[in-house]
Structure formats: structure tokens, C-alpha cells
Amino acid sequence: MAPRWIIHADLDAFFAAVEQRDNPELRGKPVMVGGRMGRGVVAAASYEARAFGIHAAMPAARAQRLCPHGIFLKGSYRKYQAESARVMDILSDYSPTVEPLSIDEAFLDATGLERWKGGPVVVAEEIRERVREECGLTISIGIASSKLVAKMATSTGKPDGLVLVPQGGERAFLAPLPVGDLWGVGPHMAERLRVYGIRTIRQLAEYSCDALQRAFGVWGVQAYQLANARDARAVVPTRVVKSVSNESTFPHTVFDRTTLLHMLMALAEEVGRRLRAKGMRGRTVALKLRSADFVTQSRQTVIARPTDATDVIYAEAKRLLASFHLHAGGYRLIGVGVHDLTLAAGGQLPLWLEPEDRLSQRDQAVDAIREKYGMGAVLRAPLVAPAETWVTRVFAGD
Amino acid sequence: MNVSCLQENLAKGLAIVGRAVATRSPLPVLSNVLLATDQGRLKLSAMNQEIGIVHWIGCKVESEGEVTVLARLLGEFIGSLPNERVDLQLDKEELTLHLTCGRYQANVKGIAAEEFPPIPLGEGDPTLVLDAALLRESIEQVAMAAASDDPRQYLQGVAVIIESDKVVLVASDGFRMAVRTLAVESGVSEKTEFIVPARSLTELSRILTDSEHPVEIRLTQNRNQVIFSTGDIHLVSRLIEGTFPNYTQMIPADHQTEIQVSTLDLMQSARMASYFARDGANVIKLEVTPDDEKGNLTITATATELGDNRSDLEAQVKGEETLIAFNARYLLDCVDAINSPDVRIELTGSTSPGVIRPTDDTDYVHVIMPMHTVR
């Protein structure tokens, strides 16, 4: 079999980089994107901010302490999505097999591109060039014979790097890296492996597979295989989406049901829009609530027909909310999700439309308007002037 | 109870009612078959949540009685016996059925017959009488168009619409619809309409395979069950509540393109294309070029990863040139249901429903909604 070439591409400090690109004053400065109003976490930090020890998923309050003069931005997820789509489009120019891993990274199967494009390195250089030229962003790339090694190669080359691990050199490349860097090994697992004296990937690779199996079960065997650079996972062009959900942390504790309902409506709109964009429908609607004292509760309900209509999602979420005895201490977060997804008829036209289909069609028309003129172009009446004005801002993503 | 009958008759009878035995019922008695003497014959009954089947077989009754026993066990035991006389003797005290056939015997423990829910048999004049072969053919032409798991219950059934001089059977899963009209000789006094689960009709069709007797159709008094009686077999089915969409509105009144093509050619080409379509969205495309004498119907399917396929069929094409995409399965199901040598396909552009019917018969119409096409 011809050797596989897999390219992993990951945008550098994506959200922060977009902000720095769009606002020259931010360049060279520590920029953090994420919730800034006391709560929330850092979603992305520029490399300047990382110098202060700030990283993604760090609570915003802590980041602020580490870097008091840092610039906090709320960011616009919509803008990042659009940017992400442009980058993914560039990637798909080079291979039909592109698997987005998240908003800012993707795998690309470059096997067999040698004759057409002069090999994976030429392709990678061209991608990096085009992302720089067309999007004004830097993207780091790792190239190897497997997904695992390609992804890890990217991390070693960041930022703005290109790392190729030659065929046959995979084990040697992984060996010296700390075991916690192995894709799939979290901090907790790394801690447990340390008990066995395993600190580097080499130590894991040379450990007894049987002993790992006894200690960690199937996972132990898998980790052993990965440490030995055995990863046959294929690049799967479209990821199967199992659920779509959105949640929002409030800028301050919310006590009243009306504001919760307004947020619910805004979230139902977003969940519905994402479902429709994916051409998916779901049968389970879930509601998540987190109280001011961090007690998280969730409930879900199954509906008769899979839906992607905002009204249906909202109505179900609202019923779920009504079933809760509201916490007197108030709430800090609410979330709406739709699970149990199926592909919406996939291009098959219906013989007739049911009332919910009409709702869905109306929503699609609204989606098209918002796509062109922004989320605020069409608002549901309660969100035009809610008592808590931030509700609309959160919704409109600005 | 003390009866004797032939192994062959009993085994066949148990196989027929066995189709209605509940598989996972909370009511243990529904896993059983009811055996009861009834006017010199042995009556076998089984039922589940959807249907009940009653079948009378010939036997010699020494003494009357009834009992229920595990259907699967009895069926398997009787099925393994040689074709000889089987004696069934009930020990009423122990509720145990003692079976003897030549060198073989068995005791099967039972549950009291009183616990078996009554199956209505229907009385009085039937609502409708149909020829068994005709009904069977009609069921096979429409039942496959019903939905298998749509939450809209009525789409899982076949609507039976009875009018003064005809009966119409209609089924649809929301994307395609099959309509079969049967002429009725004896006038029906009142117009009536009910929805039978498609699965029940498929079972009925199986039973009708060997039936030479006409099928009498009756509704129960409360109109929540329908009874089909043919010879010595009754099949009772629950009815689906709800209103079936008005089928006449969904058959397009006119069209822009009319194609006449050999049923066999279309079947073969569609099947071939379906092999290429199944990896994707199951889309096959029909491209039509009009010509009075030698028109053309091209059927294509493309699998991005695997390859593609194309068939050019000779066809009589009237009207406008067009391109339409259908779900391969829908087209195959439909063509499979058509018995005439040629079919007529009526199209109006690529987003309106296609109408497919036999050329020599106005009693069958199949409507298929197309899929989106990217030219």
C-alpha cells in the first residue's frame, strides 16, 4: 500500500488573530477573546498574552490577574465561523477528504497528491501561503503518516510552523515528548501514568502492553498503540453531528423567569439556525440550567417528529423550564440542546407540507435574511427590547 | 377437551395463526395460542397488539373444551411430528394439554382460556366483499408506500376509502404515494373510510395467497377494528386513528412531459442505477429527450467514490425535455408494482411530483416527489 500522507492544519490563536488582523492597534499586544464581564473563560489568547501564562479555557478573572493590562474582547462567533468557512474552503481545494476537527483545525488526506501537486510539503506551503494572503491569518501545519502524528507535529511547530515527520520516523518523533502531550491523554491520565513511572511517550511505548491493559483496560492498549505511532484512523470527510447545543453564561445573576425565557428564545434561535445549516433535525430537546451557586440541572423531552424549527425547540424548552422549581438564589447559565439528530430528508422533496414544515421554511427564510444583513436584521418581538438589554446583544453576537 | 386431527392440518393452522402471536407482550397469555372446540371443528386463535387471527381446522371432537398453550412450543412440536393423527387431550385440573401422535407424546402446560381476550368475529352483512386475488394484488401495489416509522401514525397505514361503486386503497410516506382503485359490483350504501396498519394488510395478503374464497370486510360496532374473513380464516386488525390527507389533491392534474417506456427496461435500468446510487443519497436521474418516433430516456447514477452508470432507453416522449431525480428505491418499488408491459411517466419539471402508471390500466397511480437536482 502506498504510504499515507495526512495533513493537520491549525489556525494560530484563531479568534485573537482575527481581532488583531481587523484592528491594527491590537497587534503585538496581549489580546484575549472570551467572556469579560467577571465570568466566563478565555476562548483564545494571542501569543503575546500566552507569554503571561494565559491559555484557552482559563477563567477570565484569573487571566485578568495574570495580565492586568491585557485587552479583553468579547469577540463575534459569527465572524469566526465565516472566517473558518473560508479557511476550510481553501483546504478543500487540495483534497476532497477534509475533516474539520473544530472551528480552527482540520485534517486533510493528502495521500496520492504527489504527482498532482508535488507532494504534501508543496501542498502545505501553498495552503499556508493562501491562508496568509486570502485571510490574513497564520496557520500551522503538521504532516505525517497518521492523524495522531500529524496533529502532534503541528503543535511542535506552532506558531506559524510547518513540520513534516518522515515515513518511518514517527516513533522517534514521539519518543521524547511528555506523555501528557499524546493526543487523547489528558492531565488526569498523565497523572495516573506517572504512578507507573511513565513520563515520556517513549516510556509508554516501551511499557508492557499487557500490564497497561490490566491497569487501564481497553484504553491502556489504545494508549500503547498510539505511543507506538500506530494509528490507522482515516480522515472522515464529514463528521457525524450527534447534537447541537448552545449555552450562555449571564453577565450577572438572573432571578426572573422572563429573562430566562428571553435567553431561551435567543438560544433556540441559534440552535435552530445551526440545525438548519447542517440539514439536521432532532427528536430530543434538552434544557440546562446552572444556579448562581453552581448547581447544574438538566432535563430533556422527546418530541414526536424530528424538528429544526425554532418555535418547536423554544416551546419544548419553555415547557421544560416551567417544570423546574426555580432556585431562589438565581441563575448564572442557561443552555438549550437538540439531540438524537437525523438528516432532514436529504434533498428529498415532500409531497405535502405539515404545519411544522412551514415553520421550518419560514425559519430558513429568516436565516437567509440574517446571513445577508446580520442577526439583528430580523428579531423576534420579545428580543427587540428585553428588560435586560444584553440578551439581544448576546443573540446578535456583537 | 378431547379432539383428534391430522398433523398436517394442525401444523399449517398453527403456522397461520402463529403470525399473530405477540412476541414481547406484558400479557403472558398473548404468547399463547387458544385452542377451542367449535361446532365440530378446532378453532385456533392468536393475537397481538395489532392483529388477531382465527382459523378453524377440521377435526374429530370427542368432548368439548378450550385452553391456551405457548404458541411457539406447540407449533415447533407439532411441526416436527409425522403426518399422522394427533390426539389432543386436556387435563382440566392441571390445565395441561396431552398430545399423542404415534410413538410421540408431550404434555404442554397451559393458561386458562378465559384469560385470552375475545377476538371479534363480526356479524351481519359485510361492509364490502372483494375477490381475494384482486385484494392481494392491490395490497402489494400500495402497502410498500406506507411509512415504516413515521410518527404520523396514519402514514403507517393504508387508507381504505369506500365509495358507492369503488374502493380506493391509498398509502403514502409523505414522499411518494400509491393509489389503487377497485371496482365494486354490489353497491355500498354509505361512503366510509378507515386506515388499516400496512403491516396488518401485508399479513392479510400472505393469508390470501391460497384463498379461493372471497374476502368479507366488516368494521366492528365501535369502528376501531376491521375484520377480514375468507373461508375458514379471520384476520382482525386495529385501525389507525386520524385523517388521511386528501389523495386526489396530490395527483397532478396535468403535465408537461409524457414518457412511455418498457416496464422491464425501466426496471432493469433503475435497478442497475440503484447499485451506484446506494452509497450516496440514493439519487438516480432521469433525463428525457422528446422525439415523436425515437425519444430517449437516460437513467444515470453517480457514486463520487466508486464510479457511475448510464442507461439509454428507447421511449416515446411527448412534450418538453426535462431532467428529474428520484430516490432509487421509490422508483423501483413503483415499477415493481406495475404489471403492464409498458409504463407511462408524466413529469412537470424537476421539482413537481412525477406520476407513474401502467399504460393499459387506469386503476393504479403512483406519485413520487423528486429529489433536488444539481444540474
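Biologist: What makes the crossing of H11(A) and H12(A) right-handed or left-handed?

Modeller: In this predicted model, H11(A) passes H12(A) in a right-handed crossing; a crossing is right-handed if the near helix is turned clockwise from the far one by less than a right angle, and left-handed if anticlockwise. Residues are numbered from 1 along each chain as its sequence is written, and chains are lettered from A in the order in which they are written. Local features need pLDDT of at least 70, side-chain atom pairs count only at pLDDT 80 or more, and totals for chains, interfaces and linings use all residues.

Biologist: Why is H11(A) called oblique to H12(A)?

Modeller: Helix H11 (residues 209-216) of chain A packs against helix H12 (residues 218-227) of chain A at about 140°, with axes 6 Å apart. That makes the pair oblique, because angles under 35 degrees count as roughly parallel, over 145 as roughly antiparallel, 65 to 115 as roughly perpendicular and the rest as oblique.

Biologist: Which residues of H11(A) meet H12(A)?

Modeller: Among them are Leu212(A) and Phe216(A) in H11(A), which meet residues of H12(A) including Trp219(A) and Tyr224(A); contact requires C-beta atoms, placed from the backbone, within 7 Å.

Biologist: How many residues does each chain bring to the contact between chain A and chain B?

Modeller: Chain A brings 9 residues and chain B 16 residues. The side of chain A has 5 nonpolar, 3 polar and 1 charged residues.

Notes
Two residues are in contact if their C-beta atoms, placed from the backbone, lie within 7 Å. Ala, Val, Leu, Ile, Met, Phe, Trp, Tyr, Cys and Pro count as nonpolar, Asp, Glu, Lys and Arg as charged, and the others, Gly among them, as polar. Axes are lines fitted to C-alpha atoms, for helices over the stretch in contact, and angles run from 0 to 180 degrees between N-to-C directions. Helices (H or I, at least four residues) and strands (E, at least two) are DSSP runs, numbered from the N terminus.
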